[in-house]
Amino acid sequence: MAMTGEYLGMGVYLNNLDQENMTFFQHCGAHELRVQRCTSCALKRFPPTRACPFCAHPEATWERVSGKGTVYSYGEVHHAIQPVFAEFAPYMLLLVELDEQRNVPNEFDGLRVQGNLADSAGNLADPALVQRVGIGSRVRVVFKEMGEGLAMPLWCRDDTEHQPDEPWRYAIE
């Protein structure tokens with residue numbers, strides 16, 4: 001059965017043919033960050049897929065991960081294309097390298113998950129918080145409810161972890 005919800009006033013629809021993404025967002029709805037783990041090579045992967053990108057094996061299990069990581073890269077959006085995001089500009093899109101499976105299967109590889117920067121309540125970050133986050137910042141997952149049993153994973157600065165004095169940020173002209 002398809003799942004529906006709402007995020008920032010926009011409709012969310014997950015088709016029942018997309019079982020991998022439905023399962024991922026259902027786990028998020030239970031406030032658990034889970035990724036697929038290949039039953040053959042044991043490597044974790046994101047985004048969810050029907051076969052392992054490392055060995056092509058079709059079977060996987062869903063493994064809970066810590067939901068903690070380091071900002072690997074980011075984009076800072078100043079001109080929102082989607083109108084609903086305009087009131088939040090500037091906002092950040094983060095690529096977070098999870099603490100699990102760093103440098104695996106090769107050096108500089110890792111388990112990476114994307115999402116917006118938010119505050120600890122799951123609201124998109126204000127401009128002051130955006131300015132304090134960059135490459136190397138430590139973050140943790142938070143969830144924003146989208147409907148019954150459905151939530152969006154977002155990332156907030158993890159102030160319980162050591163933060164770099166000045167996280168690396170792209171120069172803005």
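Strand 9 (residues 138–147) and strand 10 run antiparallel and are joined by eight bridges, where strands are DSSP runs of E with at least two residues, helices are runs of H or I with at least four, and both are numbered from the N terminus. Two strands are said to pair if DSSP finds at least two bridges between them. This is a predicted model, in which local features need pLDDT of at least 70 and side-chain atom pairs count only at pLDDT 80 or more, while totals for chains, interfaces and linings use all residues. Residues are numbered from 1 along each chain as its sequence is written, and side-chain values use heavy atoms, with hydrogens and water left out.

Within this pair of strands, Val139 has Arg157 of strand 10 as its bridge partner. Strand 9 and strand 10 form a hairpin with two residues between them, and Gly149 in the turn has a positive phi of about 70 degrees. Seven of the eight residues of strand 10 (residues 150–157) are buried, so this strand is largely enclosed by the rest of the structure; buried means under 20% relative accessible area, exposed means over 50%, and partly exposed lies in between, with a 1.4 Å probe and protein chains only.

Strands of a sheet pair through backbone hydrogen bonds, either parallel or antiparallel. The table lists several pairings of this chain.

| Strands | Direction | Bridges |
|---|---|---|
| strand 8 (residues 112–118) and strand 10 | parallel | two bridges |
| strand 6 (residues 68–77) and strand 9 | antiparallel | three bridges |
| strand 6 and strand 7 (residues 91–98) | antiparallel | eight bridges |
| strand 3 and strand 5 | antiparallel | five bridges |

Single residues can be followed through these pairings. Leu117 has Trp155 in strand 10 as its bridge partner, and Thr70 is partnered by Arg138 in strand 9. Glu76, in turn, stands opposite Met92 in strand 7, and the bridge partner of Val35 is Glu63 in strand 5.

Three strands form an open sheet in the order 4-3-5, with antiparallel pairing. The edge strands of this sheet are strand 4 (44–45) and strand 5, each of which pairs on one side only.

Which elements do the buried residues of helix 1 pack against? They pack against strand 1 (3–7), strand 2 (10–14), strand 3 (34–38), strand 5 (60–64), strand 9 and strand 10. The buried residues of helix 1 (residues 19–29) are Glu20, Met22, Phe24, Phe25, His27, Cys28 and Gly29. After helix 1 comes His31, whose phi is positive, near 60 degrees.

Turning to the whole chain, the secondary structure comes to two helices and 10 strands, and from the N terminus on the elements run β-β-α-β-β-β-β-β-β-α-β-β. The radius of gyration is 17 Å, close to the 16 Å that the globule rule gives for 173 residues, so the protein chain is as compact as a globular protein of that length; the radius is taken over C-alpha atoms, and the rule is 2.2 Å times the number of residues to the power 0.38. Along the principal axes, the C-alpha atoms fill a box of roughly 45 × 40 × 30 Å.

Buried residues make up 43% of the 173 residues in the protein chain. Among contacts (heavy atoms within 4.5 Å) with a separation of 6 or more, 55% are accounted for by residues 24 or more positions apart.
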